[in-house]
Amino acid sequence: MLETEVALAGLRFLTEFVADVDKRNPQVAARVLTVFRGWQSFEPTRRTEAEKALKSLLESDELNRNTADILSRTPGG
């Protein structure tokens, strides 16, 4: 169980990191976002959390176009 909790905390951290860095360096944020390209192959709990993370980023109206482009090309994003 602890491993799953750590993984979920990591997903939340990545989401917050992308949103924060996007304001200062959108190219880095877009590159980091590519880690989500394989989210659909995660085990169910992590997959659900990854989907929530992607949706929360999508709902943000403040993403740079580079980051939004990568996000839109992420399956399910």
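In which helix is the place of V18? V18 lies in helix 1, which covers residues 2–24.

## Basis of the model

This is a predicted model, in which local features need pLDDT of at least 70 and side-chain atom pairs count only at pLDDT 80 or more, while totals for chains, interfaces and linings use all residues. Residues are numbered from 1 along each chain as its sequence is written, and side-chain values use heavy atoms, with hydrogens and water left out.

## Overall architecture

The protein chain contains four helices and zero strands; helices (H or I, at least four residues) and strands (E, at least two) are DSSP runs numbered from the N terminus. Read from the N terminus, the order of elements is α-α-α-α. The radius of gyration is 12 Å, close to the 11 Å that the globule rule gives for 77 residues, so the protein chain is as compact as a globular protein of that length. That radius is taken over C-alpha atoms, and the rule is 2.2 Å times the number of residues to the power 0.38. Along its principal axes, the C-alpha trace spans about 35 × 20 × 20 Å.

Of the contacts (heavy atoms within 4.5 Å) between residues at least 6 apart in sequence, 62% join residues at least 24 apart.

## Surface and charge

The accessible surface of the protein chain is about 5000 Å², and carbon and sulfur atoms account for 52% of this surface. The areas come from the Shrake-Rupley method with a 1.4 Å probe; for residues, only the protein chains shown count as cover. Buried residues make up 30% of the 77 residues, where buried means under 20% relative accessible area, exposed over 50%, and partly exposed in between (1.4 Å probe, protein chains only).

The chain carries 11 positive and 12 negative side chains, and the centres of the two sets lie 5 Å apart. Lys and Arg count as positive and Asp and Glu as negative, with His and the chain ends not counted; each charge is placed at NZ of Lys, CZ of Arg, CG of Asp or CD of Glu.

## Helix 1 and its cover

The 23 residues of helix 1 should span 33 Å at 1.5 Å a residue, and the 33 Å between its end C-alpha atoms agrees with this. The expected span is 1.5 Å times one less than the number of residues. Buried positions in helix 1 are T4, L8, L11, T15, V18, V21 and D22. Their cover includes helix 2 (26–33), helix 3 (44–59) and helix 4 (65–72).

V18 counts as buried because its relative accessibility is 0%. Beyond four places in sequence, V18 touches A29, V32, L33, L57 and T67. T4, also found in helix 1, is in contact with E43, T45 and R46 when neighbours within four places are left aside. The C-alpha atoms of T4 and E59, 55 residues apart in sequence, are 25 Å apart in space.

## A position in helix 4

A68 belongs to helix 4. With a relative accessible area of 31%, A68 is partly exposed. A68 and E49 are separated by 19 residues in sequence and by 19 Å in space, C-alpha to C-alpha.
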